[in-house]
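Student: I am new to this structure. Please take one part and walk me through it closely.

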Amino acid sequence: MSETTSTNEENKPPLNGRRAIPPNYSNDEENEVPEMEAFGLIPRGFNPRDYLRVVDIYMFKEPQEINKQEHHTDKYYNPKLIVRRGQAFQIQIDFNRPYKPEADQFWLEFLMGRYPQQNKGTYIPVVVGNVLKPGQWGAKIIHRENNSIRVSIMSSATCIIGKFRLYVAVLTPYGILRTRRNSATDTYILFNPWCQLDAVYMDDEKERQEYVLNDVGIVFHGNVEDVKSRSWSYGQFEENILDACLFLMDKAELELSGRGNPIKICRVASAVINSRDENGVIAGSWNNSYDYGVAPSAWTGSVDILLEYYSSKQPVRYGQCWVFAGVFNTFLRCLGIPARLITNYSSAHDNNANLRLDFFLDDEGKVDTRLTKDSVWNYHCWNEAWMTRPDLPVGFGGWQVVDGTPQETSDGMYRCGPASVQAIKHGHVCFQFDAPFVYAEVNSDIFYTRVEKNGTQVVEKIDTTRIGQLIVTKEVGGDGMVDITEEYKFKEGSDEERLALETAVMYGVKKQSVQDTTYQPQTDVDMEFQAQKAVLGNDFKVTITFRNKSRNSYTATTYLSGNIVFYTGVTKSEFKKHSFSAKLEPSSSSSFDMVIKSSEYMSELLEQASFHFFVTARINETGKILAVQKAVMLEIPTLRIK
């Protein structure tokens, strides 16, 4: 290090007392890698040319060649190799002489960023072995001819995504010989929805074609009575777009080591898509004056916006919700995370996180704009990204809401999500991130409150059906509209929908400072849920038990929902709905049995599936809510062969 020049010293980030290595969040920066790494003193007669030496590396990186074809990356307009993680790809190495396995030893090195470290996943040595294990780093020789070998390389299904530099290292008695830095061998590694071990795995090929590989889409707007549509070009495969998307993660200062995790990537991206913090991609404008910029309705796609931002590093003006969502969709699909654009008609903007909209009326019954901070948007667009949620209980993977439109801050920044759609439907908004806000967007009640001269508030009317009247997205494989309202909420006005709302309020309300609205849970009744052992092909029984510890008689409106979930925790479908009214005698327990018939679930089954049950009950006399959820594994009968 002694001979570094002073310019290098100035560029070095200041070291602080807490870490020896500076933060590592640029995919573009590089470190110097020595071509000869000596083990000690080198004898005078040493000539590197006497040893196995790499003459050339062939990456099979053309769109029509094997790698891009098998990895579904042939559409990217990019000359370098692009592969998806957890799946094997091939390269050819030409040496200066035939490779002798018994005498020669070489390995591959993949590096990312300026401070590559093995424990951070930014320095990956790959040793050549005899067998490739699925979803783990490894390499094996599949063909030898003259001075050339063909190597099949498997990447880890959890490795970080981005652009890696590739080196081939050869062991000699006196040190390690490496290939020279060659940007032509750079390799992009992306998420892999085709790989079962990847967190973004999607099992339906038609859906993968749509949500990962389709580069055009439809945005629905207008209002419920008059739905309008416009086309949008995502352009995730266009020239420089992949680099622009990787730059967004650098801009958001996401540590390289965190870039294998789609939850983290979505969360930081939802902040960097808007310019409200850290000068993100698009500046929003909702006041009809678009000086020094382009009106939001003039954009027809994401490419111009991303390329302008990538070159100028300054927010592009201007966007509204569908522009944020269109660009976010491009980012997600480009990196290989399945994504779709959602429109919610009559979308609530709950300003104070109490899961209801407060419209204050003056003496004449008109809305008082001074007091009213909450609002209803004719429509609002956001995105759903598909992934498992190992950070949540089972059953909450699958589609997650992410929203790049700046509406409210979350942990101090304008961002939103990922929030599980399944958790929102059932009102379990205690699960990160930002589920109460999204819940309110699709299903809050509007409270019309009259403020009297002396300041007392009288609730005049509660509108329970206006918000989230219709939630739609583009159909798979076509331009039509598909109604997905039922994925977010139960039928408007049904008992289940009211129960989910009350559950959400129980879990999600920030405690109010006003005494009269503080929340008091029902402490004198307990509810438990038990399930018999579930064996494939057999009926099994589930039991809901209430213990009423009070001296009052109660009735409980109870709702049970049974869902089939993938082993990754992603819900496939609801196969059982049942509601009933339970009478609870004072100081006693009551149990209610239900039979889950095999005919109800067999047609919906998946391999390695389990059941996920939600039970919600409302004590009608007090209006209080009890909620419980449980995962039940399905046992497969053992087959005995005699």
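Tutor: Start with confidence. The protein has a mean pLDDT of 88, and 92% of its residues reach 70 or more; pLDDT is the predictor's confidence in each residue, from 0 to 100. In residues 1–12 the pLDDT is below 50, and this stretch has four contacts in the model beyond near neighbours in sequence. Contact means heavy atoms within 4.5 Å. Where pLDDT is low, the predicted coordinates should not be read in detail.

Some ground rules. This is a predicted model, where local features need pLDDT of at least 70, side-chain atom pairs count only at pLDDT 80 or more, and totals for chains, interfaces and linings use all residues. Residues are numbered from 1 along each chain as its sequence is written, and side-chain values use heavy atoms, leaving out hydrogens and water.

Now the part itself. An unreviewed UniProt entry lists Asn443, Asp445, Glu492 and Glu497 under "binding site"; such annotations may be inferred rather than shown by experiment, and the positions follow the numbering used here, with feature names shortened. They spread over 55 residues of sequence yet cluster in space, with a largest C-alpha distance of 11.6 Å.

Take Glu492. It sits in the loop between α10 (485–488) and α11 (495–508). Helices are DSSP runs (H or I, at least four residues), numbered from the N terminus. Glu492 is partly exposed, because its relative accessibility is 30%; buried means under 20% relative accessible area, exposed over 50%, partly exposed in between (1.4 Å probe, protein chains only). Beyond four places in sequence, the contacts of Glu492 include Asn443, Thr464 and Glu497.

Glu497 lies in helix α11. Glu497 has a relative accessible area of 1%, so it counts as buried. Outside four places in sequence, Glu497 touches Tyr439, Asn443, Thr464, Phe490, Lys491 and Glu492.

Notes
Helix = DSSP H or I, 4+ residues; strand = E, 2+ residues; numbered from the N terminus.
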